Amino acid sequence: MTMFKHATPVIAWLVLSLALPTDAANAQEDSVATLEQLLQSVRESGQQTEAVNRQREQEFREQRDRQQAILQQTQAAIRDQEARSVALKARFDANELELTELNETLQVRIGDMGELFGVVRQVAGDAKGTVETSLITAQLPGRSAIAEKLAAATALPSIADLRELQALLLEEMIESGKSVRFSRTIEDAGGFQQPSEVVRIGVFNAVNENGYLAFDPATTSLRELARQPAARYLNSALDYFEAESGFETLAIDPTRGALLSLVVRTPGFLEQVNQGGAVGYVIIVLALAGISLALIQYVSLQLAGRKIASQLKSASASTDNPLGRVLAVYEANPSVPVETLDLKLDEAIMRETPALERFHGTIKVLAGIAPLMGLLGTVVGMIRTFQSITLFGTGDPKLMADGISQALVTTVEGLVAAIPLVFMHAVLTSKSRNLIDILETQSAGLVARRAEQA
C-alpha cells in the first residue's frame, strides 16, 4: 500500500511525461537527473502540499469558528433587537395613546385660544372706535395704534400687546373722570388755525373762551362751533372755563357730541317765527296791535280809576275825571225836576262810557281773528306738505319739514296771540264795568238825594 502510494506520483509523472511534447520531455530530463531526485522531489512536493492542506484546513476551521462566533453574535443581536423592537412597539403604542390625548387637549386649547383671539380682536376693535372718537385723543393724539394693530392681527397677540391694550382702556377710564386744561391749536369759526387754551370735561365736552368745541375724529382736531347753543348753556360753559377751582354748573353731552349737535341745530325764537311765513307775520302784527291797544286802555282805566277814587273823597266836582264831570252836571242843574236830572245824568254817563270801553271791541275781534289766522296757516302748511309729497314722495322727511313747521308754528302763534288778548279783554271789560258801575251808583245816589229834597 505504501509502494502504491509512492508509485502513484511516479505513474502520474510518467503519464504526464508521455503526454508532454518531445521538447518538454527533454527539458524535464535535463532538470531531473535521477529517479531518486524525482522521488525526493515528489516527497517534498507532497509534504508541501500536505502542509498547505493542513494550513488551509486550519484556516477553514478558524474561519468556521469565527463565522460560528459571528453567527452567535448575530443571533444574540437579533434577539436583543427583537426584544428592543417589542419594547419600542410597546413604547410606540403608549406614545400613540398619549399623542391622541395630547391632540385632543391641543384641539380644546386651540379652540379656547381661538375664542380668546376673537375676543381680543373684538375688544381691540371696540377700543379703537372708542378711542378714535374720544375727546381724550384731542389732548393725547396717536393713542389708538395698539388697538388698531390688535384689531387687524392675524396671529395670537403677545402678552406685551395685551398689556398695552389694558393700559389704553384703563387710561380711557381714568381720563374720562377728569377735567383737564391744555393748550392746542384749534380751528376758529372763520376756518383759521389758531392756538387756544382748551378745557376738556371728561369725554363729554371741550370748551374754550368762545364756547363749546367740536371734535373731528378723522383729523383729531378741535374746532369752534359755527353756532353755539342757547345762552343758558353757553354762559355756564364760559363760567366753567374761567373758573380756577371749586364747583361750577355745566351742561355736558353724555352722547359725545350727538346731543350738542341737535341742540345747536335747534331753531331759535326768531327762526321759529320765520317758519310761520306770511301768515305768521300777520298773526304777530295782530297780536302786537291788540296788546298795544289793551295796554293803552289799561293805563287809561288805571288813571281814570285813581281820579275817580280821589273824586269820591273830594266834596267839589272836578272835570278831569268821569265822576267829576257827572257831578258837574248835577251841580249845573240844581232846580230841574228829578226826572229831567235823571235823564241828564244818564246822558253824562253815556258820554263817559265810550272812553271807558274804548278798544274793547277791537281787542275782542283780534282775539277771535288770531286763532283763525293760525288755522289758516295750518291749512297752508299742510298744502305745502302734500305738494312736497306729490313731487318728491315720502322718502326724505326733510322735504316735508317746511310745510309741517309752518302748520305747527302758525297754530302756536295764533293761540299765543289769542290767549293774552282774551285775558286782557276780560280784565279791561271788568275794570271798565266797575268804573261805570261807580258812575251809575253815584248818579243814582244824586237822583235819590234830589228826590228827597223835592
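Reply: In soluble globular proteins, nonpolar side chains tend to be buried together. Here the largest nonpolar core has 33 residues, and those with the most contacts inside it are Val326, Leu345, Leu356, Leu435 and Leu439. A nonpolar core is a set of buried Ala, Val, Leu, Ile, Met, Phe, Trp, Tyr and Cys residues joined through side-chain atoms within 4.5 Å; buried means under 20% relative accessible area, exposed over 50%, and partly exposed in between (1.4 Å probe, protein chains only). Please note that this is a predicted model, in which local features need pLDDT of at least 70 and side-chain atom pairs count only at pLDDT 80 or more, while totals for chains, interfaces and linings use all residues. Residues are numbered from 1 along each chain as its sequence is written, and side-chain values use heavy atoms, with hydrogens and water left out.

Me: With which residues is Leu439 in contact, leaving aside its neighbours within four places in sequence?

Reply: Contact means heavy atoms within 4.5 Å. On that basis Leu439 touches Pro322, Leu323, Val326, Ile349, Glu352 and Leu356.

Me: At what angle do helix α10 and helix α11 pack?

Reply: Axes are lines fitted to C-alpha atoms, for helices over the stretch in contact, and angles run from 0 to 180 degrees between N-to-C directions. Helix α10 (residues 277–313) meets helix α11 (residues 322–332) at about 45°, their axes being 7 Å apart. This makes α10 oblique to α11, since angles under 35 degrees count as roughly parallel, over 145 as roughly antiparallel, 65 to 115 as roughly perpendicular and the rest as oblique. Ile308, Gln311 and Leu312 of α10 make the contact with Pro322, Leu323, Gly324 and Leu327 of α11.

Me: How many salt bridges does a search of the whole structure find?

Reply: Side chains of opposite charge can pair when their charged atoms come close. A salt bridge is a side-chain nitrogen of Lys or Arg within 4 Å of a carboxyl oxygen of Asp or Glu, and the search finds 15. One of them joins Arg143 and Glu172 (2.7 Å, N to O). Arg143 lies in the loop between α4 (136–139) and α5 (145–151) and Glu172 in helix α6 (residues 159–175), so the pair ties together parts that are 29 residues apart in sequence.

Me: Are Arg143 and Glu172 buried or exposed?

Reply: Both Arg143 and Glu172 are buried.

Terms used:
Helices (H or I, at least four residues) and strands (E, at least two) are DSSP runs, numbered from the N terminus.
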